[in-house]
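Please examine the sequence and the three-dimensional structure shown below. The report that follows is intended to be read beside them.

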Amino acid sequence: MSGPVASDDTIESDGSPPGDEPEVAEAREGEVGGLPILRALPRRGRRTVGPWCFVDVLGPAFASEHPMLVGPHPHTGLATVTWLVEGEVVHRDSLGVEQLIRPGQVNLMTAGRGVAHAEESPSAVRSGRLFGVQLWFALPDETRTGPADFEHHGELPRVTTGGLEVALLVGSLDGVTSPVRADAPAIGAEITVGGGTGVVELDPTFEHLVVVLDGGVGVEGVDLSKGGSVRLAPGRHELVLSGAPSGRALLLGGVVRTDPIVMWWNFVARTRDEIDEAMAEWAARGERFGDVTTSLARIDAPPPPWR
């Protein structure tokens, strides 16, 4: 469900900027594969939160009007985490995987040195709504040039903590650990507020990002609507959330990045040369990314701004 990162999302940074005060921001509207999105990360002034370098809230939109139709495109140096609230999407990749994902499930595609995939709304369910999240996890040096892989998890741990309902996508919370692969210390969870006020324990060594997915949610006393986010610096032991019964938020976190990162289109790398090499191999239809069996058209890479 991933799509091209726009030119103003080019990243060449030495990690997240410092700061202890909560950072409140609004997501930018956009479109990926025919589906309206809200992009909460990256944004100007905040490129990463822990290993998380990309957060798109997808829809909600009726698939009959805005079907997800993302043709074959490549990835390097990252893992895509797809989580649906409503609807269905079919994932196909150059590893030969074809996997339908439904609400409450996770698809994790680890790109490593290179993989290609395509995603689309199944024609049989294009009368319903599509609503979900696509996340990118920047891989550490140990695995960012390793082999590609894919995981599908039909069920995830769910816990009730501090009066909040939590679906654990990645990492550990309240003594429970998600089975989803994480190549660096991190947390990823969907939290349903349920109309009251609740508390989530945090790892104080992590920085965290809270992104509102649905309804109104209060984050540490700051009232946010859909797409709004708050970044919290390391050192916090708990998070206080409140909101309407429909309030739903995403909690992401990890250790503050200090290593350089370069990100363009669907590639996460360390240098421009790595990006140029990946783009050349995609254009040449080389073996690095392979082929995806789909009727959707292949997506060409846009030239980076340094060319």
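The sections below treat the basis of the model, its sheets, a loop glycine, its nonpolar cores and its aromatic rings.

## Basis of the model

This is a predicted model, in which local features need pLDDT of at least 70 and side-chain atom pairs count only at pLDDT 80 or more, while totals for chains, interfaces and linings use all residues. Residues are numbered from 1 along each chain as its sequence is written, and side-chain values use heavy atoms, with hydrogens and water left out.

## The sheet of seven strands

An open sheet is formed by 7 strands in the order β2-β23-β20-β25-β18-β15-β14, and the pairing is antiparallel. Strands here are DSSP runs (E, at least two residues), numbered from the N terminus, and two strands pair if DSSP finds at least two bridges between them. The edges of this sheet are β2 (23-25) and β14 (158-161), each of which pairs on one side only. Neighbouring strands are turned by 25° against each other on average, direction ignored; axes are lines fitted to C-alpha atoms, and angles run from 0 to 180 degrees between N-to-C directions.

Within this sheet, β20 and β23 run antiparallel and are joined by 4 bridges. Val210 has Val230 in β23 as its bridge partner.

## The sheet of four strands

Another open sheet consists of 4 strands in the order β19-β24-β21-β22, with antiparallel pairing. Its edge strands, β19 (197-201) and β22 (222-224), each pair on one side only. From one strand to the next, the twist averages 30°.

Strand β24 (residues 238-243) pairs with β19 in the antiparallel sense over 5 bridges. Leu239 in β24 stands opposite Val200, and Ser242 in β24 stands opposite Thr197. Strand β21 (residues 217-219) also pairs with β24 in the antiparallel sense, over 3 bridges. There, Val217 stands opposite Gly243 in β24.

## A glycine in a loop

Which residues does Gly235 touch, not counting residues up to four places away in sequence? They are Pro204 and Phe206, where contact means heavy atoms within 4.5 Å. Gly235 lies in the loop between β23 (229-232) and β24. The C-alpha atoms of Gly235 and Phe206 are separated by 7.5 Å, and the two residues are 29 residues apart along the chain. Gly235 has a relative accessible area of 48%, so this residue is partly exposed. Buried means under 20% relative accessible area, exposed over 50%, and partly exposed in between (1.4 Å probe, protein chains only).

## The nonpolar cores

A nonpolar core is a set of buried Ala, Val, Leu, Ile, Met, Phe, Trp, Tyr and Cys residues joined through side-chain atoms within 4.5 Å. The largest such core has 30 residues, of which Trp52, Val55, Trp83, Leu135 and Leu250 touch the most other members. Several strands each supply at least two residues of this core, among them β5 (52-62), β7 (78-86), β12 (129-138) and β25 (248-254). A second, separate core has 23 residues, including Leu164, Ile187, Val200 and Leu239.

Not counting residues up to four places away in sequence, the residues that Trp83 touches include Val106, Val133, Leu156, Ala167 and Leu169. Arg158 and Glu190 are also among the residues in contact with Trp83.

A pair of aromatic rings is described by the distance of the centres and the angle of the planes. Rings of Phe, Tyr and Trp (its six-membered ring) pair if their centres lie within 6.5 Å; planes under 30 degrees apart count as stacked, over 60 as edge-to-face and the rest as tilted. By this rule the model has 5 aromatic pairs. Trp52 and Phe137 form an edge-to-face pair, 5.1 Å centre to centre with 85° between the planes. This pair links distant parts of the chain, 85 residues apart: Trp52 belongs to strand β5 and Phe137 to strand β12. Both Trp52 and Phe137 are buried.

The ring centres of Trp265 and Phe267 lie 5.7 Å apart and the planes meet at 75°, so this pair is edge-to-face. Trp265 and Phe267 are buried. Strand β26 and strand β27 (residues 267-269) pair in the antiparallel sense over 3 bridges, and Trp264 stands opposite Phe267 in β27. In their hairpin, which has 2 residues between the strands, Trp265 takes a positive phi near 55°. From β26 (residues 261-264), Ile261 and Met263 point one way and Val262 and Trp264 the other way, and all are buried.

Trp265, Phe267, Trp282 and Phe289 form one aromatic cluster. The charged end of Arg298 sits over the ring of Trp282, 3.6 Å from its centre; the rule requires NZ of Lys or CZ of Arg within 6 Å of the ring centre and within 35 degrees of the ring normal.
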